[in-house]
Amino acid sequence: MTTDPTTGTWRDRWAGALMDTYGTPAVELVSGRGARVTDSDGREYIDLLAGIAVNALGHAHPAVVDAVSRQVATLGQVSNVFAHPQVISLAERIKEIVGEDDARVFFCNSGAEANEAAFKLARLTGRPRIIAAENGFHGRTMGSLALTGQPAKRAPFEPLPAGVEFVPYGDIDALRALADGSTAAVILESIQGETGVVPPPPGYLARVRELCDAHGILMIVDEVQAGMGRTGRWFGYQEDGIVPDVVTMAKGLGGGLPLGACVAMPRADLFTPGGHGTTFGGNPVSCAAGLAVVDTIRREGLLDHARRMGDLFREGLEGHDAVWEVRGRGLMLGVVLREPAAPGSLDPLSRGLILNQPAPDVLRIVPPLTITDQDVRTSVRIIREMLS
C-alpha cells in the first residue's frame with residue numbers, strides 16, 4: 001500500500017521529497033510583489049534577502065513578467081546550435097555596461113558555472129597556478145569550490161582541482177609575495193558576500209590590476225553577488241576605475257530566472273569552438289528576463305536609487321548600541337554587531353522581516369533594488385527593535 005504524497009504538511013512533503021542539503025525551511029513562500037512576500041499561512045514579510053541578491057527588480061516586476069511571458073509563448077529553448085535575438089541583444093547590453101567594446105560573453109545558468117568558465121580560461125593560459133582569497137566564495141561545483149577559500153566547505157570533497165593558493169583578502173603584500181610568471185590568474189570578489197559583506201581596502205583592486213599587468217596575469221573579478229547595480233554601480237570593481245580581464249556575474253542578471261555570464265576581455269578571450277559549452281546557457285526566456293533587468297535598471301534610475309536606499313539603511317542603523325558598523329556599498333550591506341548572535345536567536349521572521357546572518361556577528365541586507373523608502377524605514381525600525 002502506498003500513501004498519497006500530496007497529503008501532510010508542506011514540511012512533511014519537503015522532508016520526504018528533497019535531499020537534506022538545506023534543512024527544512026522555516027516558512028513556505030507562495031507569492032510576492034515588489035519587496036514583499038507572503039507565506040502559505042498568509043503572513044507578509046519585507047524581503048531584505050531577495051533570493052540571496054537575485055531579485056534585482058523585486059518580485060513580479062511587470063517588465064520581467066511581460067518579457068518572460070511573451071518569450072516563452074514565442075520561443076523557449078533552442079540550444080547553442082542556433083542563434084536567437086535575445087542572446088545577441090543581451091550580450092551587447094552586457095558589453096555596454098562592462099564598458100568594453102571588445103569583450104565577449106559566455107552565457108550559463110549560475111554564478112558557479114560562470115566561475116567554472118573563468119577557471120577554464122585561466123587553465124588555457126598554460127600557467128599552472130591561480131591565486132584566490134581566504135574566505136572568498138565562488139560556488140560549490142568542484143572547480144568553483146576549488147577557488148573558494150573556506151576550508152569547511154572544501155574539506156568533505158577533497159581532492160579538488162589543484163593549483164589554487166589563497167591569500168588574505170585585501171592584503172596586497174601577501175598577493176605580491178605569491179604572484180609571478182607562473183600565475184595564470186587572480187580571482188577575487190569585488191566585495192566578499194558570503195563571508196559577511198566585506199569590502200576591500202580603498203584602491204585594493206586597482207593595485208591588484210597593476211600587479212596582474214606587471215606579470216601578465218589574468219585578473220578575474222567575481223561580481224555574482226555585488227554586480228548588476230547592487231552597489232550603486234553596475235559592478236563593484238568600477239569603484240576603483242579598473243577593467244578586469246574576466247568578469248563573472250549571475251544572481252541579479254536574470255531577475256529571478258537562472259542566468260549567469262562569464263565576460264572575457266581580449267587577453268582572456270581564449271575559448272575556441274568546442275572548448276566549453278552548456279545546453280541551457282543563453283536560453284531565450286532567461287535572456288529575455290536579463291534584457292528586462294538591464295533596461296529597467298537604466299530606465300528607472302535604480303543605480304542612484306540603490307545608493308540612496310543604502311544610505312537610508314546606514315543612517316538608520318549606525319549608532320545603535322548593538323551595532324559596531326554598517327559596511328558595504330549601495331544595497332549590499334553588512335550590519336556588524338558588537339557581539340555575536342547565535343543563529344536563529346534574533347528571529348526576524350517573527351517580526352515580518354526576511355534577512356540572513358552569514359556570520360555570527362553580521363546581518364546581511366541585499367533587498368531588491370526597487371525597495372521603497374517606506375519599506376526601508378519600516379525595516380530599519382524592525383531591525384532596531386530586534387537588536388534591542
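1. Thr278, leaving aside its neighbours within four places in sequence, is in contact (heavy atoms within 4.5 Å) with Asn80, Phe106, Phe107, Cys108, Asn109 and Glu113. Thr278 is found in the loop between β10 (260-264) and α10 (284-299), where helices (H or I, at least four residues) and strands (E, at least two) are DSSP runs, numbered from the N terminus.

2. This is a predicted model, in which local features need pLDDT of at least 70 and side-chain atom pairs count only at pLDDT 80 or more, while totals for chains, interfaces and linings use all residues. Residues are numbered from 1 along each chain as its sequence is written, and side-chain values use heavy atoms, with hydrogens and water left out.

3. An unreviewed UniProt entry places the feature "binding site" at Arg140 and Thr278; UniProt positions are given in the numbering used here, feature names are shortened, and annotations may be inferred rather than shown by experiment.

4. Arg140 is found in the loop between β5 (129-133) and α6 (142-146), and it is described as exposed because its relative accessible area is 59% (exposed means over 50%, buried under 20%, partly exposed in between, with a 1.4 Å probe and protein chains only). Leaving aside its neighbours within four places in sequence, Arg140 is in contact with Ala112, Leu145 and Lys153.

5. Seven strands form an open sheet of mixed pairing, in the order β4-β10-β9-β8-β7-β5-β6, where two strands pair if DSSP finds at least two bridges between them. The edge strands, each pairing on one side only, are β4 (104-108) and β6 (164-167).
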